[in-house]
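Hi,

Here is the model for you to look over. My notes follow below it.

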Amino acid sequence: MDSLPPWRPLLRAALQREGRSSSSRWLQLATVASDGTPRVRSLVFRGWSAPAVLDLFTDGRSEKASELRHLPAAEICWLLPRARSQFRLRSRRCQPPSAELLKQRQHHWQNLTPSARALWGWPEPGIPLELQAAFPQELDDTTPMPSHFELLSFEVHQVELLELGGQPHQRRRWCSSGSWSEELLNP
Ligand SMILES: Cc1cc2nc3c(=O)[nH]c(=O)nc-3n(C[C@H](O)[C@H](O)[C@H](O)COP(=O)(O)O)c2cc1C
């Protein structure tokens with residue numbers, strides 16, 4: 001396995017400072033809609049599938065999923081308040097070969113809790129509310145994975161870290177094209 005890019009231990013340390021708070025896994029994903037205007041929303045961080053590949057889950061019927069099919073570029077903003085740190089990850093959606101992707105999706109689907117899985121049993125997101133539709137509270141381990149359980153993997157190619165801990169603030173950048181060497185920037 002490749003070695004970790006230098007920003008990964010910094011991100012891990014900032015995450016550790018958040019303790020057990022579930023909100024430390026919330027990040028913001030920005031995409032570009034087909035009319036060229038920006039969209040942003042919060043998602044739960046699900047893990048790393050490679051040193052610089054970050055995984056998220058979504059509903060394949062959602063707008064973000066179609067935006068990413070249209071334009072795979074995305075920026076992820078991750079604020080870790082205890083460390084007073086903001087990480088901005090410039091990324092591109094990537095997909096492994098289909099057999100491998102299916103294996104990864106199955107693995108993640110099985111590992112979700114029944115209540116987390118339930119969201120993929122709800123009707124299509126973003127269309128007018130269907131009160132008569134079923135909104136299950138849980139989907140048990142035997143529920144087959146729906147085709148709209150989507151794994152979003154992002155290959156990170158640039159990271160910017162802003163730390164507000166001291167004066168002046170510290171701002172640094174790493175680019176994969178520069179072998180992840182660190183550049184110091186004015187805050
Ligand atoms: C704290 C928090 C965590 C969320 N986590 C996810 C998530 O992991 N995946 C997801 O698709 N939506 C998640 N959502 C909902 C999204 O923010 C968004 O409302 C939804 O996915 C529809 O987005 P879209 O219409 O831009 O596709 C989360 C919302 C909040 C407030």
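Which strand supplies the largest share of the lining of the largest pocket? β4 does, with three residues. Helices (H or I, at least four residues) and strands (E, at least two) are DSSP runs, numbered from the N terminus.

Some ground rules. This is a predicted model, in which local features need pLDDT of at least 70 and side-chain atom pairs count only at pLDDT 80 or more, while totals for chains, interfaces and linings use all residues. Residues are numbered from 1 along each chain as its sequence is written, and side-chain values use heavy atoms, with hydrogens and water left out.

**Pocket**

The largest pocket has a volume of about 330 Å³. Of its 13 lining residues, Phe57, Thr58, Asp59, Leu119 and Trp120 are the closest to the centre. A pocket here is an open set of points on a 1 Å grid over the protein atoms alone, where a 1.4 Å probe fits, with protein on both sides within 12 Å along at least five of seven lines; lining residues have an atom within 4 Å of a point. Grid points are joined across faces, edges and corners, and the volume is the space filled by probe spheres set on the points. By class, the lining has nine nonpolar, one polar and three charged residues. Ala, Val, Leu, Ile, Met, Phe, Trp, Tyr, Cys and Pro count as nonpolar, Asp, Glu, Lys and Arg as charged, and the others, Gly among them, as polar.

**Ligand**

The residues around the ligand include Trp26, Arg41, Arg46, Phe57, Thr58 and Lys64 (a heavy atom within 4 Å). β2 (38-44), β4 (53-59) and α2 (63-70) each supply at least two residues of this shell. β2 gives the largest share, four residues. The shell has four nonpolar, three polar and four charged residues.

- A ligand oxygen is 2.8 Å from a side-chain N or O atom of Arg41.
- A ligand nitrogen is 2.8 Å from a polar backbone atom of Phe57.
- A ligand oxygen is 2.6 Å from a side-chain N or O atom of Thr58.

The protein covers 61% of the 620 Å² of accessible area that the ligand has on its own (Shrake-Rupley, 1.4 Å probe).

**Backbone**

Most residues other than glycine have a negative phi, and most peptide bonds are trans. Arg84 has a positive phi of about 50°. Arg84 sits in the loop between β5 (73-80) and β6 (85-94). A cis peptide bond joins Gln167 and Pro168, with omega about -5°. Pro168 lies in the loop between β7 (149-163) and β8 (170-175).

Best wishes

Definitions and conventions: A polar contact is a pair of N or O atoms within 3.5 Å; within protein, one must be able to donate a hydrogen and the other to accept it, and residues adjacent in sequence count only if both atoms are side-chain atoms.
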